[in-house]
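Please keep the sequence and the model in view while reading.

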Amino acid sequence: NMATHPNRHIIPTVLQADQAALTALQALGDYHPANAAFDKPALATKATALEAAQTAYVNAQNVFVDGGI
């Protein structure tokens, strides 16, 4: 449960499945969910935020490994 483990890593297979689902959803021309929090633009925004967080995480790891901390 992510609520009890807020710093838990999402395993790569789950990330890949989520990315595949988002790609498939973006291809649906008639996708109009009842909840706007799950519409295409909202999901694309969340995907962009996830990518930015992943990049920041990798950059932080690189700084740590390279002795920057």
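**The chain as a whole**

The model is a predicted one. The protein chain contains 2 helices and 0 strands. Of its 69 residues, 9% count as buried. The accessible surface of the chain amounts to about 5,500 Å², and carbon and sulfur atoms contribute 64% of this area.

**Helix H2 and its buried residues**

Helix H2 spans residues 40-65. It is made up of 26 residues and extends 37 Å from its first C-alpha to its last, which is close to the 38 Å expected at 1.5 Å a residue. Which residues of H2 are buried? They are Lys40, Ala42, Leu43 and Ala47. Helix H1 is included in what covers the buried residues of H2.

**Lysine 40**

Lysine 40 belongs to helix H2. This residue is buried, yet it has no salt bridge. When neighbours within four places in sequence are left aside, lysine 40 is in contact with Leu25, Gln26, Leu28, Gly29 and Tyr31.

**The loop between H1 and H2**

Leucine 28, one of the contacts of lysine 40, lies in the loop between H1 and H2. Aspartate 39 is also found in the loop between these helices. Not counting residues up to four places away in sequence, aspartate 39 touches Tyr31 and Pro33. Two pairs of residues that involve this part of the chain are set out below.

| Pair | Separation in sequence | C-alpha to C-alpha distance |
|---|---|---|
| Leucine 28 and lysine 40 | 12 residues | 9.7 Å |
| Aspartate 39 and glutamine 26 | 13 residues | 9.6 Å |

**A nonpolar patch**

Which residues make the nonpolar surface patch of about 240 Å²? The patch is formed by Ile10, Ile11 and Val14. Isoleucine 10 is located in the segment before helix H1, which covers residues 12-27. Its relative accessibility is 39%, and therefore isoleucine 10 counts as partly exposed.

Technical notes
Residues are numbered from 1 along each chain as its sequence is written. This is a predicted model: local features need pLDDT of at least 70, side-chain atom pairs count only at pLDDT 80 or more; totals for chains, interfaces and linings use all residues. Side-chain values use heavy atoms; hydrogens and water are left out. Patches are made of residues with over 30% relative accessible area and no salt bridge: like charges are joined within 9 Å, nonpolar side chains (Val, Leu, Ile, Met, Phe, Trp, Tyr) within 5 Å. Accessible areas come from the Shrake-Rupley method with a 1.4 Å probe; for residues, only the protein chains shown count as cover. A salt bridge is a side-chain nitrogen of Lys or Arg within 4 Å of a carboxyl oxygen of Asp or Glu. Helices (H or I, at least four residues) and strands (E, at least two) are DSSP runs, numbered from the N terminus. Buried means under 20% relative accessible area, exposed over 50%, partly exposed in between (1.4 Å probe, protein chains only). Lys and Arg count as positive and Asp and Glu as negative; His and the chain ends are not counted. Contact means heavy atoms within 4.5 Å. The expected span of a helix is 1.5 Å times one less than its number of residues.
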